[in-house]
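Me: I have a model open and would like to go through it with you, a piece at a time. Can we start with the backbone and then move on to the pockets?

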Amino acid sequence: LWEEAGFNRWSDRMTGKRNWFVIRRHLLQAADNKTAKGEPLSDVLYIPEVFSAERKAELAQRHLSAVSRITATGAGPRRLMLLIGEVKEFAAARYGHKLVVKHLPDQPFMLSEDLHRRIKARFEREITLWDAVPGAHLIVIATFGVAPTGVTAIEELALMVVTENWIPIEHIYDANLVSALTELRRRFIKALRYNLPASQPLAAAVLSDTLPSPVAVYVVPPG
């Protein structure tokens, strides 16, 4: 969805034109023609709206309306939705842990102790990179369910670090390259690894403003 929405592409005319409103709109458009288990992906995809203090009550009601469709009733299989959002923090709860998503400050997603432990182990690199790169955003995609009490709880998740301009990065060398290309007002496509292992060479970026053809740029991290 991120690639189809065009957020791995950059040109100077995009400067200052990307924010959560734009991200959300284009992700929803990218999901519009997709199916999951034979059903429209858009039916189970939840991307929070931009938060506004003036519209807090209205937004909270819309959130509850959206997720109430999968509230557990005790009959039939458990239903899940798919969340895409920007992480604000992973925090301690009274019992266990919780994920707080930006634009949903009052609607935390609960994390089991086992899931929280696995997140720290599996996504240590992403969390550290998010902390180290100024202006970086941490994007979460997660399946979640709703208990009969209305409490939302994460089942599984994955994390992706993006730059201030919402371009995905894998490490600090990626961040430095993307920053330099942006400052030089270059036009480029950021290659995405998907399921390729970290040991598999992959172009860090493809310069699309070169003639007679695009040029692939590689980063070779130490080791």
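Me: Where is the place of His103?

Reply: His103 sits in the loop between β6 (97–101) and β7 (109–111), where strands (E, at least two residues) and helices (H or I, at least four) are DSSP runs numbered from the N terminus. Before going further, please note that this is a predicted model, in which local features need pLDDT of at least 70 and side-chain atom pairs count only at pLDDT 80 or more, while totals for chains, interfaces and linings use all residues. Residues are numbered from 1 along each chain as its sequence is written, and side-chain values use heavy atoms, with hydrogens and water left out.

Me: What is phi of His103 near?

Reply: Phi of His103 is near 75°, which is a positive value in a residue other than glycine. His103 counts as partly exposed because its relative accessibility is 22%, given that buried means under 20% relative accessible area, exposed over 50% and partly exposed in between, with a 1.4 Å probe and protein chains only.

Me: And Trp166, is it buried or exposed?

Reply: Trp166 counts as buried, because its relative accessibility is 5%. Trp166 is in the loop between β9 and β10, and its phi, near 70°, is a positive value in a residue other than glycine.

Me: Which residues does the cis peptide bond join?

Reply: The cis peptide bond joins Leu211 and Pro212, with omega about 5°. Pro212 lies in the loop between β12 and β13, and Thr210 has its place in the loop between β12 (205–207) and β13 (215–217).

Me: What does the side chain of Thr210 reach?

Reply: The side chain of Thr210 reaches the backbone oxygen of Ser213 at 2.7 Å, and also the backbone nitrogen of Val215 at 3.4 Å. These are polar contacts, that is, pairs of N or O atoms within 3.5 Å in which, within protein, one must be able to donate a hydrogen and the other to accept it, and residues adjacent in sequence count only if both atoms are side-chain atoms. Not counting residues up to four places away in sequence, Thr210 touches Arg186 and Val215, where contact means heavy atoms within 4.5 Å.

Me: Which element gives the most to the lining of the largest pocket?

Reply: That is β9, with 4 residues. By class the lining of the largest pocket has 20 nonpolar, 1 polar and 8 charged residues, where Ala, Val, Leu, Ile, Met, Phe, Trp, Tyr, Cys and Pro count as nonpolar, Asp, Glu, Lys and Arg as charged, and the others, Gly among them, as polar.

Me: How many residues line the second largest pocket?

Reply: The second largest pocket is lined by 14 residues, of which Ala36, Lys37, Val44, Leu80 and Met81 lie nearest its centre, and about 380 Å³ of space lies in this pocket. β3 (39–40) and β5 (81–92) each supply at least two residues of that lining.

Me: Last topic. How many residues has the largest nonpolar core?

Reply: The largest nonpolar core has 39 residues, and Phe144, Ile154 and Leu157 have the most contacts inside it; a nonpolar core is a set of buried Ala, Val, Leu, Ile, Met, Phe, Trp, Tyr and Cys residues joined through side-chain atoms within 4.5 Å. The largest share of this core, 5 residues, comes from β8.

Methods. On a 1 Å grid over the protein atoms alone, a cavity is a set of points where a 1.4 Å probe fits but cannot get out, and a pocket is an open set with protein on both sides within 12 Å along at least five of seven lines; lining residues have an atom within 4 Å of a point. Grid points are joined across faces, edges and corners, and a volume is the space filled by probe spheres set on the points.
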